[in-house]
Structures are given as structure tokens and as C-alpha cells.
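These are my notes from a pass through a two-chain model.

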Amino acid sequence: MTAQPTADDPKTEAELDLESKQEDVERSFAGPGERLEILSPDGTVRPGTEAPMSTEQVRDALRWMMLSRTVDVRAISLQRQGRMGTFSAVRGQEASVVGSSFALDPARDWIVPQYRELPGVVRHGFPLDGYLLYWMGNPAGGRVPDGVKVLPLQIALAAQLPHAVGLGWGLKLQGSESVVATYFGDGASSEGDSHEAMNLAGVMRAPVVFFLQNNGWAISTPRTKQTAAANFASRAEGYGFPGVIVDGNDLFAVYAAMREAVERARTGGGPTLIESQTYRMGAHNTADDPTRYMEPVELSGWDERDPIRRVTAWLRSQDAWDDDAEREMQAGIDRQVDEAIESAEAFAPPNPEQIYTHVYADPPERLRAQQRAALDSH
Amino acid sequence: MSELEFRLPDVGEGLDAGEIVEWHVQPGSTVVRDQVLADVETDKAVVEIPSPVNGTVLRLGGDVGDVLEIGALLVVFETEESVRIRSHGSTGPATPQSAGKPPAVGEQPAAAPALPTPVAVAQSPETGAGGPSPDAAADGGGSRTGRVLASPATRRLALEMGVDLGAVRGSGPGGRVTSDDVRSFATAPAVADTATAESAPSPRKSAPAAGEPRRAVRRLTDETVPLRGLRRSIAKSMTASWREIPHITEFREVDATALVQARATLRPHLERDGVPFTFLPLLVKAVVATLAEHPKFNASIDMDAETITYHGRRNIGLATSTGAGLMVPVVKDADAKSLGELAREIDGLAAAARDRSVTPAEMSEGTFSITNFGSYGGWLATPIIRPSEAAIAGFGRIRDAVVPVDGVPVVRPTLPLSVSADHRLVDGEDLGGFLATLIAYLADPILLLKGE
């Protein structure tokens, strides 16, 4: 806190405290010039930059963003009715997830997700009803259809990163031109697996893009308590590959940065760390109450930077969007989500036996005995 | 149109209950899907509970301030829609569903294959109502025809305690049987069966409100229950002891290496016919040998008559946890019994205490008591003397500890013990002497062979 209340400055202590917290939030993100920014919050393209996507691509991206927001709302409602075990909403991070996934080719590139990348993995081919089924607690939802280049969702923090590097390295050894994009967060960056994975990827020049979504929160741990460093991207230097910061609520900046990183990986240039500075506009998941640790000012401040609003503003400025278009797109999304929920709920509930069926091809006797004991009716 | 019962779901991963903070609808309100019905506060957060259907509210399940258990009725709708809410077993009008149909694949990519087939998923047969009936889920149990919900650890516990899980009333979400339920059940029937002299009007477990606080649910009101049965007799006895007897207590730790070895050596010879050979017979032997050398600890004081009686017999009471409360059956003439005899008698008395078939005669004439707080992980304690006795020895759990041996730290199995004595009968120095002798026997049990 820099100022004390005086007669000329009649701010209350509470106001000063709030200002100081606001400053903390602002400080936790890089300023202009340090990060890639193209689409400003008012929907205009910043001077000296240009939109990296066609209007049609942007409309398509917007659809995925709106789909994501719609699923968030419906899934939280289902969870509150007891129809879904838990759910981690994407809200606030749509540009980050969708923009990055648009730089990937579902036919050859892989996504190694964490658990908050719904529109990215669904665009890549993971079925939406399967995704919902997963959060309903049915193991059938964890099964990735054959041919879909997405690894299963990973709840254990950072455990997916070594997998991504192994996958990327293996693809490189096979002479493939495929690229692996793996997603993690500011919290996961503090796990040992993050270091090991990025170090090995650098050494092996594995074609991996480490997409770090810095959404400000590791459940309730704020970004300012996650690292003493000014940002996460600077870690890349220590691993011997480039690190870039993008405005994660800026669809264009995320896409442009990801496109460059994917191209580098595809042409043998090795990994890239992208720090996407975004914001989790809400709870960590349905079992969390963010009002216990988030300041209202943070939520309201980031509402203004809503990534979806930015995209629709830009489309309007291109005469490619109006209220009718929005209604029509939303109606189609609602139908798609309704169908996915219906399909997921039509699945029979999981059977305890399934706990034992997906790890070993040939389960050891110890596990078989445990299974017999557990399935014994009494 | 038909009625749909909507029950309070577990909105926060493993909650027991929620308090109604505010209603946003009233009977007669027309609601649309996802419209907020009520704000409910759980242990984790205040959450909005939305409507699963379009319809009309017929009834509400409680008033503002009411605490509803998970699975309790929240709202009854009149609706044409149906919805399956598996987590609390409620459904609307049964609708045939194509169970096991693979989820439809999203729009892209064009060649994306479907989810695994039902074969790979090992679906269970889908019943129209899905899971336990709403009533069973709501009251947390009752007799069930289907599978009993319980964790593997609870199933193992039930197996070990010989409890039929199907007969246990589950207190967990959706009637899940918890380990506590199993333990309560295992000790309950005996309470209700033969009432012993000490426990005449015992509360039956089937009506927990009569004698025990309700558990698991956070409540805003206190609950007062009558003091009855075994609990009352324990309360009276302990109050008398604490009021009457000036206690002095000493604590020691003893290197149990030799004791552990002695038990291991004897065990294959003495463990037979399903009777375990625990440390307890050895502890009893050490105590009776010590009492032979310290008769002041095998005595009774009578303040009215102003006399001290030194007992000829050494009858050792064994504090036994029964689930319903503490009972102290007595091994008579323990000094005259072999280790094998002690093992069998202790096992028989403990079983009798736990199933409440132990007779008043089997619990009388004690001259000294042993309590084993190590059985529930205890280290040291301050045991309370049974009235008319002079002292009580308590033993903690044997655990590895670093001890100095010839000036070098080594790890040894260590037995902690506490002895409380009646200061009217003995002084601190006497207690120190008693403990020194007891510790000598425990540290080197071979000394028990030297005879008295």
C-alpha cells in the first residue's frame, strides 16, 4: 500500500485495500509490450497488427466458444440437480482454449489435455456426450474413440506433461510431422513433472507445445503465490526453447502465437512454452466457492474482458454478426447440447466392476482378489 | 401430467445435508428448466438448486432454515417431462431408454469413430427405476433387495466382525453403509437382548433418538437424551472414584524387546482353537508377580470402619470396550493360572462382555485392574481406579522408539505404561517401587519363571 488516507484523499481503508488488491491482480500479468496482443477488449485490432484468421474461421471459433459457455451453464445446472458428479467450467478461458486448438490439425496433431479444455478436445474429435459422461462419473466417458488424437483427461496435476513429451518424442523418432499440444495451468507449473517434461522436451527437441493457461488461480492459490518470477514463460529459457506470453482472452493473439509454435515444432524447431494469460471467471469446479477467496473486483474487472464479447464486437465491425445470427447460432448450440446430455444420460450407470477393467490387460491376482471381495454382494 | 419428486442432490462431492436459505418458488409457481428453485447452504458453499424440468411446483420439502439430508424431498413438481436423477434414485414417469447406446459423435472430424461399444463397457442391467427406491434412499436404508452400498474397507470390516451388511441400516448418502454403521450394528443387538444387572433399560439401536445423539448431520439445535443403562452405571462408578479416591499416577516406558520375543516364542504353542495369544496374558502374569511383592496394591480401604484389607486372592479386572461402554470382567485367581489358561479365559470373558452375556458374578471380586489403552492407539493415560481397589495399571501401544543403549541411539519396541494408585493406601515411593518391579518383569519376562 503506497498512500495513507489524508484530508485531501478521503479514501477509506477498505477502498485502499481494494485498490491494493486490484494492483496485485494487475501486477500478476504482463503489461503491454511484454505480451502478444492483437484484439483489444473493445473488439478493435490494435495498431500495427492484423487479424490472423478469416472471418469464416472467426465465426467458427466463436461457435466453439459459445458452445463451451453453453455447456458450462448446463453442466453446472445438471450438477446442482444431482445429475453430474462435478464439473470444471471453461468460462473466461474460451479464447485461450479455442484459439490454440484452431492452430492444430485434428488429422495429425495430438492434444494432451488437462481438464478444462472442453471446446478444444471436442473440436479435435472427442465426443461431447462422452465428455459429459466422464464428468457424470462414468468410465465409458473416459474412453477416447479410436482415431481421435486426444489423450484422456488428466486430473492429477502435470501428470500429462511427461506423457506429452514421450508422445512427441516418439512421433519425432517415427519421422512424423505431427505436433503435440499439451495443456496445463499455473498451479501445475509448480509440479516436478512440469520441470522434468520441459527439460526432456528441450533436450530431445520434441515437437511439443506447452500451453500454460495462467488463469490466475490454482483453485484458491493466487498466481502471486505460485511463483516469485515475473511470469511463467521466462522459464523456457532455462530449458533452451522459446517462451512467449499472450493475452489469453484475445482469440487472435492466442491463435497467432500457437500457429507459430506449431510451425516451429512441425519443422524440427523443437518445443515452445506459451503462457496464455487468461482468467478463470468463476469457481474452480462445482465443489468450490470462489467468493471465499476472490475479490468481487477481480470478477467484475475480468467480465469486461470477456473473450466472447471481444470476438462478437470484432465480427460486428466486419458486418459479419448481428442479433439474428447470434440467436440462430445459439439455437443450434442448444440443440446440440440437449442431444449430448440426452445421449450421455441414456448410458447405464457405471458398474463397480469397471473400476477393475481399464488398467491391466491381464490383472494380477492381488487385483483379482480385491475385485472378488468388492463385488461380493455382502 | 404426473408428479415428479425432486430430491436434494449432493451438490458438493460427499456432503451429508444442506440448509434451505431461501425459496425462489412457491407451491403453484410455474417453473422452466434450469430456473433457480432454492438457495441451499452446504458445508462448502451456498448453491442455487435449479429445476430439472418445465412444470408447476406442487409442494416444497421444507421451510427456510430447515436442514435437509441429501436425498430428502426438496420439491414435488407436476410435469409432463421425465428426468432420471440417479444420484438420489428418483425418476419421473418411466421412459424407455436405449441403455448402453454409444454417445453420438460430435460434428467433427468427419471420420471420428464412436465411443466404445456396450460390450466393452460392461453395462449393468438397467432397471426402470434405477437404483434404490426413493424411500430407501431418503431414510437411509431399511431392508434392501439389491446390492448394499459400502466401501471395500467397510466390507472387509463387516467380514471381520461377522456382520451381514444387508441387515445394516446405512447412514451414508443414498443409504451407503459406513464403517461406523457396521461397528454400531455389531455392538447393538446385545444391548437390546439380555439386559444385565448393570444395563436394565438399554436404548435399542433401532431407535437411536432414545439414547444417542444423531450423527453425521450438522444441526442447529442441541439434543438431550436420558442417561441410562451401562452409561449410567459407568458414570456413577467413575464419579464415585474420582470424588473419593485421591489418585496418584506415574508413567514409564519399558524396552519391550524381550517381551515381544517371549510372545513370539510362545505364540505357536499357545495359540490354538481359534484363541489368540496376545500380550495380555503376559501382562497379567507380570502384574500378579508384582502384586506378590507389593501387597499394598492388592488391598481395599474402608474409611468408615477405618480398616485396610490386604486381599489374599489376586483377581485381575480387565477393562473391556464393548461398543456400548466399558465393562470390567475379572480373571479370578490369576496367579494360579498358566499363560494358556489365562489366554482362553481372557478371550472368553472379553467375548462375553462384548455380547453382553457376561454375568455380574464374572465382573465382581476384582482386587486390581488392567486397562489396555494401547488397543485404540493410546500412548500414556491417567487410568481411574475401580472403587474398592487400590490401583490400576494401564498399558499403551508397543511402538518403535529411539532409546539410548550403551550411549548409542537404537530403535527398540517400547511399551508405555501408567499406574494410578490410591494415595490413601500408598505413597509415591510405594508407587515407584511397584513400577520398578513391574518394569523388571516386563523388560525380562524370563524372571516370571523364578516363582514367588
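**Entry 1: the sheet in chain A**

In what order do the 5 strands of the open sheet in chain A lie, and is the pairing parallel or antiparallel? I read the order as β1-β2-β3-β7-β6, with parallel pairing. I then looked up the edges, and found β1 (110-112) and β6 (243-247) of chain A, each of which pairs on one side only. From one strand to the next the twist averages 20°. I note here that the model is predicted.

Strand β3 (residues 208-214) and strand β7 (residues 272-277) of chain A are joined by 6 bridges in the parallel sense.

For the chain as a whole I noted 13 helices and 7 strands in chain A. Chain A has 378 residues, and 47% of them count as buried. I also looked up how far apart in sequence the contacts reach. Among contacts in chain A with a separation of 6 or more, 75% come from residues 24 or more positions apart.

**Entry 2: helix α9 of chain A**

Which strands of chain A does helix α9 lie across? Helix α9 (residues 251-266) lies across β3, β6 and β7 of chain A, and runs at about 170° to β7(A). I checked its length: 16 residues reach 22 Å from the first C-alpha to the last, close to the 22 Å expected at 1.5 Å a residue.

Next I listed its buried residues. The run A:L251, A:F252, A:A253, A:V254, A:Y255, A:A256, A:A257 and A:M258 is buried, and so are A:A261, A:V262 and A:A265. I kept the helix repeat in mind for the end of this list: an α-helix has 3.6 residues a turn, so residues three or four places apart point the same way.

What covers the buried residues of α9(A)? The cover includes the strands β3, β6 and β7 and the helices α2 (55-80), α3 (94-101) and α11 (307-317) of chain A. Just after α9(A), I found A:G268 with a positive phi of about 85°.

**Entry 3: α2 against α11 in chain A**

At what angle do α2(A) and α11(A) pack? The angle is about 150°, and the axes are 10 Å apart. Angles over 145 degrees count as roughly antiparallel, so α2(A) is roughly antiparallel to α11(A). The crossing of α2(A) past α11(A) is left-handed. On the α2(A) side the contact is made by A:V58, A:R59, A:L62, A:M65, A:M66 and A:R69, and on the α11(A) side by A:P307, A:I308, A:V311, A:T312 and A:L315.

I checked the length of α2(A) as well. Its 26 residues reach 38 Å from first C-alpha to last, close to the 38 Å expected at 1.5 Å a residue. Just after α2(A), A:G82 takes a positive phi of about 85°.

**Entry 4: a sheet in chain B**

I moved to chain B and looked up an open sheet of 4 strands, in the order β5-β4-β2-β7, with antiparallel pairing. Its edge strands are β5 (46-50) and β7 of chain B, each pairing on one side only. Neighbouring strands of this sheet are turned by 40° against each other on average, direction ignored.

I went through the pairs one by one. β4(B) and β5(B) are antiparallel over 5 bridges, and in β5(B) the partner of B:D39 is B:E48. β2(B) and strand β4 (residues 36-41) of chain B are antiparallel over 4 bridges, and there B:E22 has B:D39 as its partner in β4(B). Strand β2 (residues 17-23) and strand β7 (residues 67-69) of chain B run antiparallel and share 3 bridges, with B:G18 opposite B:L68 in β7(B).

**Entry 5: B:S300**

Where is B:S300 placed? I found B:S300 in strand β12 (residues 299-302) of chain B. B:S300 has 16 C-beta neighbours inside 10 Å, so it counts as partly exposed. Not counting residues up to four places away in sequence, B:S300 touches B:T309, B:S388, B:E389 and B:A390. I also looked up B:T367, 67 residues from B:S300 along the chain; the two C-alpha atoms are separated by 7.9 Å.

How values were computed: Residues are numbered from 1 along each chain as its sequence is written. Chains are lettered from A and ligands numbered from 1 in the order in which they are written. This is a predicted model: local features need pLDDT of at least 70, side-chain atom pairs count only at pLDDT 80 or more; totals for chains, interfaces and linings use all residues. Two strands pair if DSSP finds at least two bridges between them. Helices (H or I, at least four residues) and strands (E, at least two) are DSSP runs, numbered from the N terminus. Axes are lines fitted to C-alpha atoms, for helices over the stretch in contact, and angles run from 0 to 180 degrees between N-to-C directions. Two residues are in contact if their C-beta atoms, placed from the backbone, lie within 7 Å. A residue is buried if 20 or more other C-beta atoms lie within 10 Å of its own, exposed if 12 or fewer, and partly exposed in between; C-beta atoms are placed from the backbone. The expected span of a helix is 1.5 Å times one less than its number of residues. Angles under 35 degrees count as roughly parallel, over 145 as roughly antiparallel, 65 to 115 as roughly perpendicular and the rest as oblique. A crossing is left-handed if the near helix is turned anticlockwise from the far one by less than a right angle, and right-handed if clockwise.
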